[in-house]
Amino acid sequence: MFEVENLTKKYDGFTLDGVSFKIERGYITGFIGANGAGKSTTLRSMLGVIKPDSGKVRAFGLDFEKNEQEIKNRIAFSSGAFDYYSHERADRVAKYYSNFFAKWDNEKYEHYKKVFSLDGKKKVRDFSAGMKVKFSLALALSHGAELFVFDEPTSGLDPIARDEMLTIFQDIVADGQKSVLYSTHITSDLDKCADYILFIHEGKIILDGTKEDIISEHTIVYGEKEQAATVKEKAIGIKENAYSFSALMKKSDAHSLSLTQEIPNLEDIMVYYSKGGKR
Amino acid sequence: MSKNLKRRGTLCAILKKELFLATPLPFYLFALLGLMTAIPSYPIIVGIGYVALAIFNSDGFRRSNRDVEFTCTLPVERKDVVTSKTIFVVVIELLTLVFGVVGALLSVFLSSPNGNVVGLDPNLTFFGVAFSCFGVFNICYIPGYFKTGYKSGIPVLKGTIALLLVYSLVETAVNVVPRFNVIFDSLWGDFVFARAIVLVVGVIAYIILTVVANRIAQKRFEKVSL
């Protein structure tokens, strides 16, 4: 459905380095990484908001560069909560937004306003953080988008609003025709709803696969401080204190070890990969 | 739907957004300052020059609403983002000139028999020069603004300086060369044809400079990362 190949963008002090991945139709893909790892740069580069130095993007079988307009008609992109034209009433913003989309359906917009309990007469600035995300979703769902790209949609939301958001994402992909790609550093959300995970670290994609595969390929080992030396060479990341250590390892590297092991969650994987060999 | 029709539809959508959503009514009210051409014995270019302030303020408003960034996430071509902005600039400039003409007509009743003693009379020469000044402003401002898509301070400053420079040169020429003063700086009398030529040349210069400004800005904006 959507394919990114070798996307590169150089800044002073940061390089998005040959990012490649695919988004499958009908699934939720979580895009994780620490602050500054390159999540937003990737999303914005692949959609032309930032001009990449090199790389190819294909969507719905079309080349992005030659068919940007056609492709963007089928994609909904939102950078965080809807934070544009905050002095305007939501319905007025929607009216001008709708002009850009051939498949805009006003009945759907009214429907989603009801579903999300949005008051279109309210000014955008008077919406809560959760409402702004929902407004963004209402706009996206009303123009018949097939791919929903959200940059940190759940940051700053309370747990109840976040949970609601995840249910909405699951509803979007329920018919198997639409996909969601969203970046976050709240990995517990992805534990609940993501099918695929992309993990970016210092501008490079270091993990790409189904959530189950990624988790099942890793293990956390625990031991006394003196035993740390036995795993250091193959550990992906290690944490040590005065008495003990814990390390994330590939399961294949840890099966012969007689140390306590535990199944990691996405947060563990992210933290240990980011830490590397450092304490 | 053919590609041309689609493109026209998009340009129409982006224009509506540019003129009515991204620019609230108060910014258009700056155009009323064009009426300053009615003030007797006043450097009437000041009223025309307020356009720069209107554009600068509207850019600040757009920046706070992340307008350009929002537009670039929509299904539009970048060159249309530039064209819609250029059209906005042209609309506010022409509106100002329309009010300038209304002011000029009023000045017939308000001005002294000697005409405007501190600058050009609001006649055809003045409007021809005003068109040229706007053209020069546009060639400095529009490509300058689209180097970044959001920074407008320096482009507006450069445009305003260029506008005032062109106007000052004309004023100086009219005041230093007595023959020019007779031909170009009066409301009545002979030489209407000569003054009309200045107007036509001004309009042509305006069109050429604005179209070139738009083209340069389109090329620049293709490479901008927001």
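**Close-up views of chains A and B**

**View 1. The salt bridge between the chains.** In this predicted model, the side chains of A:R44 and B:E69 meet in a salt bridge with an N to O distance of 3.2 Å, a salt bridge being a side-chain nitrogen of Lys or Arg within 4 Å of a carboxyl oxygen of Asp or Glu. The count between chain B and chain A is one salt bridge. Across this interface there are also eleven residue pairs in polar contact, both residues at pLDDT 80 or more (a pair of N or O atoms within 3.5 Å, where within protein one must be able to donate a hydrogen and the other to accept it, and residues adjacent in sequence count only if both atoms are side-chain atoms).

**View 2. The side of chain B that touches chain A.** Helices α1 (3-21) and α4 (67-73) of chain B each supply at least two residues of this side, and α1(B) gives the largest share, nine residues (helices are DSSP runs of H or I with at least four residues, strands are runs of E with at least two, and both are numbered from the N terminus). The contact, meaning heavy atoms within 4.5 Å, takes 30 residues from chain B and 27 residues from chain A.

**View 3. Area buried between the chains.** About 2,700 Å² is buried between chain B and chain A, with carbon and sulfur atoms giving 57% of this area (buried area is the accessible area, with a 1.4 Å probe, that two parts lose on being put together, summed over both). Of the area that chain B buries against chain A, B:L21, B:F70 and B:P75 supply 25%, more than any other three residues.

**View 4. A salt bridge within chain A.** A:K204 forms a salt bridge with A:D17, their closest N and O atoms being 3.7 Å apart. This pair links distant parts of the chain, 187 residues apart, with A:K204 in strand β10 (residues 204-210) and A:D17 in strand β2 (residues 14-23) of chain A.

**Notes.** Residues are numbered from 1 along each chain as its sequence is written, and chains are lettered from A and ligands numbered from 1 in the order in which they are written. Local features need pLDDT of at least 70 and side-chain atom pairs count only at pLDDT 80 or more, whereas totals for chains, interfaces and linings use all residues, and side-chain values use heavy atoms, with hydrogens and water left out.
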